[in-house]
Amino acid sequence: MFGGRLRKRGCHDCSSKLCFVFFLTGLLPFVLSDEDYVGLPLGKLNTYANQVTGQVYAVDEYTLLIRNFFYDGLGQDTFFWAGSTVRPSNIGFIVPDEEGRTNRLQRYVNADVTLKLPDNRKLSSIKWLAVWDLREYKNLADVYIPEGLEPPSPQAISEMSRNSHGVKSDGVMVMDSKTLKILNLFYDGNDTDVFFSVGLGPQPTPHGTKIPDERGYLNSLYPYIGKDVTLILPGKMTVDAIDWLSIYNFRTEENYGSTVIPDGLNIPPSLIHIIEKESPLPNCEQLHRDLRLSWEIFGPAITFELSGQIDEDEYMALGISGSETKSQMEGSDVVVAYMDGLLGVTSDYNISGKFPCTNVLGRYRGVCPDEKVGGVPNGYQIHTFVRNDGIASITFRRNLLNTEDSGDKVFKQEGFTYFIWAIGKYNDYKEPTFHRLVLRGDLKLELGRKPGVKNCEPFIRPKRNSSDRSWGPLRIRDPQVTTFTVRVGVPGGLKGYSGFTGNPSPGVVWYVNGLMSPELYLKRNRRYTFVVEGGNDPNDARFYHPFYITDDAHGGYGRYTEEQRKNIKVYAGVEFDRRGRPHPSAAGRLCSWVHNSSHRYSVDDYPTYPKFRKSLRLQCSEGEPNILYWTPNASAPELLYYQSYSMRDMGWKIHVVDEIINSTPTSAPLSGLISLVCVFIVFFYTENKRTLS
């Protein structure tokens, strides 16, 4: 906080030019007394009518903040109004309100209003901001922008020192009072217990504070190879509270590289929303920036509270590891907690594989509720549940030792227990699907430790930016393409399948002609060829995906009951015997798009789908593809779906049209090239039996 820096270190720490601006505008008392840094103070609104009051700040070179803004709402045609004339006048422009709208102003009562100048205008281009009535040509209130003002802006500081393990950077930017950005960071990742760390003092020490990495994880750092890394200080911490940033090994107490945070930086305030939510339970551990666990052991039972910053259709999962020496998902005993509307739900799960619960030869495997694997439906007793300000908190209880389910693992009171956790979406059937966040590395907790240790911070909610947008929609809309090669592959997280379909993913999705679940445009009465390579071994539940075409948006025809199938129509890929029992007919060898063995990046590192696609490799088993022919006739609906017979939410839309209007799809060159190759695959697939890598 800039104001905090002046209180802590004195005005001699700021630049002489900035101090001059403060004294020139008479604003130094505001800086010295203001507890929360919200920007550079410009002064109070001069009030002329309608009781308009408020304190105005420059947030950055484009943005103003009015704190405690009051306006009675009785003006005839009133707007936020700015201009460059000597005094406020009718010559100016409307400044959109805090929601980006240019509607007539309504009543405000002590509100904090953030205003961004339109059309990338800068504060240096205006001389005043007013609350102006256009109909009456009346100035209700105004504030003047001091000439020569230097608004807060991101500041460049020195690069990371190059001590060891290949640490180097092109510099560090202090973006705002809570955000640091390391430019072009390199670090070899060849050690454990290495974290981003911040602290006070002349140099890094083991007394520094570990801070989450760019994805919110509190695990030992992965390698960085020329990546821009944005770090957000946890909880209420700001740059005013730190003197250095380091890549630090807490095991060996070695500083691999660091930089000093200078005093007196004229930086923007952070617009990150801080959410204070403290659990009444005596123990707390921050599992991730968006997830924390609290607990208490009392008598023969243990009470947990899971609190997470999750969407309304997401779950939180926590469980005892499947291994006693590390955190392992397979073999774990997990509770899945989520909010179903206003109600909290907990369900006991057993994980025997990283795929949805599937009946394999009469035995359920995968992520299965306990009752499907011979256990008790739910061994947890739910206590409280609430969702407030985007944070879901669910409290539940279970006996430590004596449960009715022999498959339940024991919560030990002595020593350490290895845990796993995950956050992801649940589908329309309230089944947990593939996680978007999951534990990296190991997590071990001493449940029976002395109560009162709370290693948790308030939740923070960063603003989303353009890099959070999905890669889609992807489309194949070429009248020349009549052959489609259908394979399986990784879902690509929120930028991939879930981002452009809105559906959760089971962890694997269809790729068509090299594109991730594109929308297909097919012409009526034209014959199409589907070369299917989704796996044909029913004993491998994770990769057994017969292909079919249906009017069902979710798929997984083999998972439905006979009664549910009455409302679903299949158009291709499934045959029925004399008793009406379905049998998939389009199951070929397994070809899957998988991450390269060296993959250590998140989808956030890939701004476009083609760049993500280059990070994958095609892996095929021996065998032959299956060829499915289908001709959409005149009676076919305009919207259908291609899906997997064995799992839900793997495919996407088929548009059946009378004529295909050619356009350039998202990845047209890639699609066209692969389509030509597909023609040869159909006739010469016997030459392609070897395993590809």
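So, which cysteine forms a disulfide with Cys 591? It's Cys 620, and the two sulfur atoms sit 2.0 Å apart.

Before I go on, a quick word on what we're looking at. This is a predicted model, where local features need pLDDT of at least 70 and side-chain atom pairs count only at pLDDT 80 or more, while totals for chains, interfaces and linings use all residues. Residues are numbered from 1 along each chain as its sequence is written, and side-chain values use heavy atoms, with hydrogens and water left out.

Okay, disulfides. The word here stands for a pair of cysteine sulfur atoms within 2.5 Å. By that rule, the count is 3.

Back to the pair I opened with. Cys 591 and Cys 620 make a right-handed link, with 120 degrees about the S-S bond. This link joins distant parts of the chain: Cys 591 is in strand 45 (residues 591–595) and Cys 620 is in strand 46 (residues 616–620), 29 residues apart. When I say strand, I mean a DSSP run of E, at least two residues long, numbered from the N terminus. Are these two cysteines buried or exposed? Cys 591 is buried, at 0% relative accessible area, and Cys 620 is buried too, at 3%. The cut-offs: buried is under 20% relative accessible area, exposed is over 50%, and partly exposed is in between, using a 1.4 Å probe and protein chains only.

Next up, Cys 284 and Cys 456, with sulfur atoms 1.9 Å apart. Their link is left-handed, with -95 degrees about the S-S bond. And how many residues separate the two? They're 172 residues apart, with Cys 284 in strand 19 (residues 283–288) and Cys 456 in the loop between strand 33 (454–455) and strand 34 (459–461). Cys 284 is buried at 5%, but Cys 456 is partly exposed at 21%.

Then there's Cys 357 with Cys 368, a disulfide whose sulfur atoms are 2.1 Å apart. The torsion about its S-S bond is about 100 degrees, so this disulfide is right-handed. Both Cys 357 and Cys 368 are buried.

Now for the rings. Rings of Phe, Tyr and Trp (its six-membered ring) pair if their centres lie within 6.5 Å; planes under 30 degrees apart are stacked, over 60 edge-to-face, and the rest tilted. Searching the whole structure turns up 28 aromatic pairs. One of them is Phe 411 with Phe 419: the centres are 6.4 Å apart and the planes are at 20 degrees, so we call the pair stacked. Phe 411 is buried at 4%, and Phe 419 is buried at 0%.

Trp 510 and Phe 547 are edge-to-face, at 5.6 Å centre to centre with 80 degrees between the planes. Trp 510 lies in strand 37 (residues 509–512) and Phe 547 in strand 41 (residues 547–550), so the pair ties together parts 37 residues apart in sequence. Trp 510 is buried at 0%, and Phe 547 is buried at 1%. Those two also belong to a cluster linked by ring pairs, together with Phe 484, Tyr 528, Phe 530 and Tyr 642.

Last topic: charges over rings. That needs NZ of Lys or CZ of Arg within 6 Å of the ring centre and within 35 degrees of the ring normal. Arg 121 lies over the face of Phe 93, 3.9 Å from the ring centre. Arg 565 lies over the face of Tyr 557, at 5.1 Å.

Conventions:
Helices (H or I, at least four residues) and strands (E, at least two) are DSSP runs, numbered from the N terminus.
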